[in-house]
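Subject: Structure handover

Dear colleague,

Here is the structure you were waiting for. My notes follow below it.

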Amino acid sequence: MSDNTAVRAAKLDKIFGTPVCAVLLAIFCNVLWGSAFPFIKLGYRLFSIDSGNTASIFCFAGVRFMLGSVLVLLGSILLQGKAPRLPRGRVATECCALGLWQTTAQYAFYYIAVAMLTGAFGGILNSTQSFLGVIFAHFIYGNADRMTPAKTLGCAVGFAGVLIGTIGNHGSGSGWGVFCMMAATVIFTLSGPWNKSVTKKADSFAVCFLNLFVGGLALFVLGTVMGGRLHVQSALAAVVMLYLAFICGAGYILWALLMKNNPVSRIAIFGFVNPVVNVLLSAVLNGEPLFRWQYLAALVFVCVGIWLVNKAPAKKEKV
C-alpha cells in the first residue's frame, strides 16, 4: 500500500469512526434501505414479475446486486483513488462465503417476503434487526458492548411495537412471507460481526465488491436454472433497477466502513429510520394505506425503543 493510499484510508477510517458522522451516515444508509422495499415492489410491476414467480424474483435480485458491485468499484476509485485490491487465499474464500450468506441467503428470503407482504407490514417486521443487533452485540463483544437497563427496556418497547404491527396480520401478507422476512432479518443481524471481522483483514471496498458480485451471481444463476427470465418493459423499469443498484452499492460501502470503525450497537440501532421511510414511500409509490392505527402505533413504539436504547452516553472505548 502506497503512503498516499494509506493516508486516504486513514482519513476515511477517522471520518467513519467519528460518532456524529457515524450516526448521520447510519441514518442515511437506513433511508436508502427503507426506500428499497417499495421500489422493489414497483420493480416487480414494471418487470411484470408475479409474486409467485420465485425464479424471476431471484434473477431480478441477482442483476441488482451485480450492478451494485460495479458501483462499489467506482466508489473505490472515487474515494481511494484506485480500484480495490482483491484478497487472495483464505481471506478471498471468506469474502465469497460472506457474499453467499449476507447477499444470497438473506436476500433470497427478503425478496420472497417483499412479494408477499405490504411495504408497511414488511418494514415493521424488518425493524427487529435494530434490536437484535444490540442483543447479539452483548453476547459477541462482551464488556465492549454490554446491555444496560436502558437498552433492555428499549428493546422490550421496540419488540412490543413490532408485535402490535404483527398480531392479526391485518390482511397484509402470508405466513410464509412473515417467516421469510424474519429469516432475512436474523441473517442480516448475524452478518454484522462477520462483516466487521472480514473488513479488518481486507480492503473494505474489495469485501463489498465480492459480497455483492458473488452473492448476486449466485442468485442470478439460481433463478436462471429455475427458469426465471427478466423482460424490461419500459425505460422506467431500467431506471428503477439502477436506483436499486445504487442503494445496495452505496449502502454496502458505507455500512462496511461503519461496521469496521464503530461498535455494532452504535449504528445498528438506527434501523428505526428504515420502517418509517418504508411506510411513507409504500403509500406514495404503491398506494398502500398510511394511517392504519396498528402501523402508526408500531412505529411510535419502535422509535421510542430506539431512543431508550440510545439515550445513555456511550462509554469511552480503548482502541
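This is a predicted model, in which local features need pLDDT of at least 70 and side-chain atom pairs count only at pLDDT 80 or more, while totals for chains, interfaces and linings use all residues. Residues are numbered from 1 along each chain as its sequence is written, and side-chain values use heavy atoms, with hydrogens and water left out.

Overall

The chain has 13 helices and zero strands; helices (H or I, at least four residues) and strands (E, at least two) are DSSP runs, numbered from the N terminus. Of the 319 residues in the chain, 54% are buried, where buried means under 20% relative accessible area, exposed over 50% and partly exposed in between (1.4 Å probe, protein chains only). The chain exposes about 13,900 Å², and carbon and sulfur atoms supply 71% of that area. Accessible areas come from the Shrake-Rupley method with a 1.4 Å probe, and for residues only the protein chains shown count as cover. Among contacts (heavy atoms within 4.5 Å) between residues at least 6 apart in sequence, 89% join residues at least 24 apart.

Helix pairs

Two packed helices are described by the angle between their axes and the distance between the axes. Axes here are lines fitted to C-alpha atoms, for helices over the stretch in contact, and angles run from 0 to 180 degrees between N-to-C directions. Angles under 35 degrees count as roughly parallel, over 145 as roughly antiparallel, 65 to 115 as roughly perpendicular and the rest as oblique.

H3 (residues 54-80) and H10 (residues 235-261) have axes that come within 7 Å and cross at roughly 55°. The two helices are therefore oblique to each other. On the H3 side the contact includes Phe 60, Arg 64 and Leu 71, and on the H10 side Met 241, Phe 246 and Ile 253 are among the residues met. By class, this contact has 14 nonpolar, three polar and one charged residues. Ala, Val, Leu, Ile, Met, Phe, Trp, Tyr, Cys and Pro count as nonpolar, Asp, Glu, Lys and Arg as charged, and the others, Gly among them, as polar.

H10 also pairs with H8 (residues 175-198): their axes come within 8 Å and cross at roughly 65°. That makes H8 roughly perpendicular to H10, and this crossing too is right-handed. Phe 188, Gly 192, Pro 193, Asn 195 and Lys 196 in H8 meet Trp 255, Ala 256, Met 259 and Lys 260 in H10. The classes here are five nonpolar, two polar and two charged residues.

The axes of H2 (residues 19-46) and H4 (residues 89-116) come within 10 Å and cross at roughly 75°, so H2 is roughly perpendicular to H4. From H2, Phe 37, Ile 40, Lys 41 and Tyr 44 meet Tyr 110, Tyr 111, Ala 113, Val 114 and Ala 115 of H4. Eight of the residues in this contact are nonpolar, none is polar and one is charged.

Single residues

Ser 48 is in the loop between H2 and H3. Its phi is near 55°, a positive value in a residue other than glycine. Ser 48 counts as exposed, at 53% relative accessibility.

Ala 156 lies in H7 (residues 149-166) and is partly exposed, with a relative accessible area of 46%. The C-alpha atoms of Ala 156 and Val 302 are separated by 9.5 Å, with the two residues 146 apart along the chain.

Regards

How values were computed
A crossing is left-handed if the near helix is turned anticlockwise from the far one by less than a right angle, and right-handed if clockwise.
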